[in-house]
Amino acid sequence: MSLPQPRLTHPRNRRAAGMVMAWGLCVALTGLPLPSAHAAEAPLTTAVAVRSLREEEAAKKLPVELRGTVVFIEGPNGAIVIQDSTAGTFFRGQSETSLQPGDELQVKGVTTPGTYLPGIEQASYVKLGHRELPPALPATYADILSGRYFFQRIAVEGIVHAVVPTSDESRSILTLALGQDLLEVRICAPPQEGRQLTDSRVRIEGLAAGGVNQRRQLVQAIAWVHDWSGLQVIKPAPPESEVPLISGSKLLAFDALGQDRHRVRMAGTVIAAFPDGEIFVRDDATALRMQMLKPLPLPLGTRVEVIGFPKMQRFSASLVHAQVLRQEPGPAPAAIAVNLADLIKGKHDNDLVTVTADLTSSFQTEDGHVLVLQEGGRSLRVQMPADGRQLPAGARVQVTGICLVDSNTASGTTSTPRSAHLRSRSASDVAVLSAPPWWTARRLALAVGLLLLAMALCALWIAFLRRQVRRQTQALRRQIQHEATLEERQRIAREFHDTLEQGLTGLALRLDAVKARGADEKSGRLLQASRRLVSQIHEETRSLVSELRQPSHEALDLKTELAKIVEEHTTDCGPAVELQADEPLPALPSHIVHHLKMIAREAVTNALKHAQALHVVMRVHMQWQCLRIAVADDGQGFDFEARHHGQAGRFGCIGIEERCEKLNATAHWRTAPGQGTVLEITLPLNTAA
């Protein structure tokens, strides 16, 4: 019996594993009963041992006995994060409001996979006392996003971009710039009134966490802080009046001292303002995109002074978390007329431009309406608000909007735009200069399609006519063949009537004359049997002639027809012929019964004539939806292959096979010299029907 192997992450676990192996050796030597698997498994005693488990291992509910310090409490019914000297993990217990960060606990439970990292469930704990929180580890944004410090205390330092309350105003969300990255810090307390933190350099000690998707992947870096005591101001924000006023062309440009990422002030004219808080401002040198902290309606042409944080986005620098300091009305700005090739050069990124091109297509999206323009072999996508208009493809349009570079590529130290699109401010920014010509590519394609459809229909009609001609030809051929067959059948019937039937009639008269002259008893019986045989042959001949002239489709009783064969051989001086038939037998069409009767008669004749049999049995029964006829005799048998293929003038077996082929039946002989013969006929009833 194999014992579960404990994890050897911690020295206490290694000692437990050694005890387990020693106990197993004693059991093997002494024959004592083994303990249960749960008793043999040493509990995990460190946070790093718990969080090092794979998902499938943590799902096995391994025992845990862990001692650590509470570093964060999600809520009355949420997770409690505990950290020891190795790492941090979490447990879920009963609703508890008495715990505080810094409480030292002894926790027992079993492992659980968790949504991102393994933790403890079915937990119970004992409070051992209160101590200082574990020291916070210095971390970068990449460290937090990697998950290496997930549910551990960290310390970050950066510049505060904004502090806003949550929807219920019970907590605060602080945006902290760590270089070019923005970290979301969630503080479990409302914003402090009168405290100005924006543009301050601060140090924050909190819990590393993040947003997790359904694939157990960390998609967003987040830090949690219990209250404002976890934030320390290192350098206060400068007054707004001391923030430098710069030109848009100098934003994030080279500086000998480098960029400190603090706020800057800019002034310019509003060329576009969108409901999502994005505004575009043009100064004397360039145009800039600004993401406002709160959406603000600004009329076009307004002269504004804005303060915000510089950030590189897409292809050009912009301001984020911006606020308007001053504004005054001004004339509406003019758009710069450009062509599609000019937009790809990047010079007009974030600026107001106007282009003239042909509209190739348009479609609706969740954000509005999208137009696709084409001019000089180049295409341009235009995003505009939905206004219910249906712009016709092929129209000549003039579009005004903000040029936005979507992507760029770097070659050496130079970055060049690769694609761009326009964002229109309103539906009035799109004007139709001329309607599309009537003969458009779409209509041409439609005409070609209709022509191809007509040709296809004509081809189908021709194919249909050809098929009809073939069907009529085949029907006519079948009719001619049928009439020829009928004529031949009638000719054969006449020949039978004029020759064989007349000869049989004469033979019957001669037999009657011989019988009238008198004979002994044995000869009389022989003459009587011969007379019945001639009468039977005469009747069969008349039936055959009638069938040839007008085939009957009525059903006949196979047993009755086979009984006639037995009657033909009821004589005391000859072999015995016996019929054994199951009841009931299905009624079959006359032509099928005729063929089966002829096959049986041929088999009986062969047995009496060639095999010199003394006893012949015809057996008829049903088996597996098939009608089976077996003709067995006790004759001398024969070599089937030699007789069937090697003798000229022998057509009995071949005739039986030909009749079976007409009925879709099978014939099988079992015979050998001196061992009798059995002929088996198998007829599927679905074919007979």
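**Entry 1: strands 14 and 15**

I looked up phenylalanine 280 and found that it stands opposite arginine 289 in strand 15. The model I am reading is a predicted one. Strand 14 covers residues 278-282 and strand 15 covers residues 287-292. I noted 5 bridges between them, with antiparallel pairing. Both strands belong to a closed barrel of 5 strands, which runs 13-14-15-17-16 with mixed pairing.

I then followed strand 26 to strand 28 (residues 615-623); the two run parallel and are joined by 6 bridges. In this pair, leucine 579 stands opposite methionine 618.

**Entry 2: loops beside that sheet**

I checked the loop between strand 26 and strand 27 (588-589), where proline 584 has its place. The peptide bond leading from glutamate 583 to proline 584 is cis, and its omega is near -15°.

I also read the loop between strand 28 and strand 29 (626-633), which holds glutamine 625. Glutamine 625 is not a glycine, yet its phi is positive, about 60°.

**Entry 3: another positive phi**

I looked up asparagine 350 in the loop between helix 6 (340-343) and strand 19 (352-365). Phi of asparagine 350 is near 70°, a positive value in a residue other than glycine. Is asparagine 350 buried or exposed? With a relative accessibility of 4%, asparagine 350 counts as buried.

I found a hairpin made by strand 20 and strand 21, with 2 residues between them. Glycine 376 is in the turn and has a positive phi of about 60°. Strand 20 (residues 368-375) pairs with strand 21 (residues 378-384) over 7 bridges in the antiparallel sense. I noted leucine 373 opposite leucine 380 in strand 21. Strand 21 is also joined to strand 23 (residues 414-423) by 3 bridges, and these two run parallel. There, valine 382 stands opposite leucine 422.

**Entry 4: isoleucine 159**

I placed isoleucine 159 in strand 7 (residues 153-165). Isoleucine 159 counts as buried because its relative accessibility is 2%. Leucine 197 is 38 residues from isoleucine 159 along the chain, and their C-alpha atoms are separated by 8.9 Å.

**Entry 5: cavities**

How many cavities of 30 Å³ or more does the structure hold? I recorded 4. The largest cavity has about 60 Å³ of space. Its lining includes His161, Arg261, Pro310 and Lys311.

**Entry 6: helix 9**

Last, I listed the buried residues of helix 9 (residues 558-568): Leu558, Glu561, Leu562, Ile565, Val566 and Glu568. Seen down the helix axis, they fall within an arc of 165°, so they line one face of helix 9. At the N-terminal end, aspartate 557 caps the helix, with a side-chain oxygen 3.3 Å from the backbone nitrogen of lysine 559.

Note on methods
Residues numbered from 1 in each chain as written. Predicted model: local features only at pLDDT ≥ 70, side-chain atom pairs only at ≥ 80, totals over all residues. Heavy atoms only, no water. Buried < 20%, exposed > 50% of the residue type's maximum accessible area, 1.4 Å probe, protein only. Helix = DSSP H or I, 4+ residues; strand = E, 2+ residues; numbered from the N terminus. Arc of directions from axis to C-beta. Polar contact = N/O pair within 3.5 Å; in protein donor to acceptor, adjacent residues only side chain to side chain. Pairing = 2+ DSSP bridges. 1 Å grid on protein atoms, 1.4 Å probe; cavity = no way out; pocket = protein on both sides within 12 Å on 5 of 7 lines; lining within 4 Å. Points joined across faces, edges and corners; volume = space filled by probe spheres on them.
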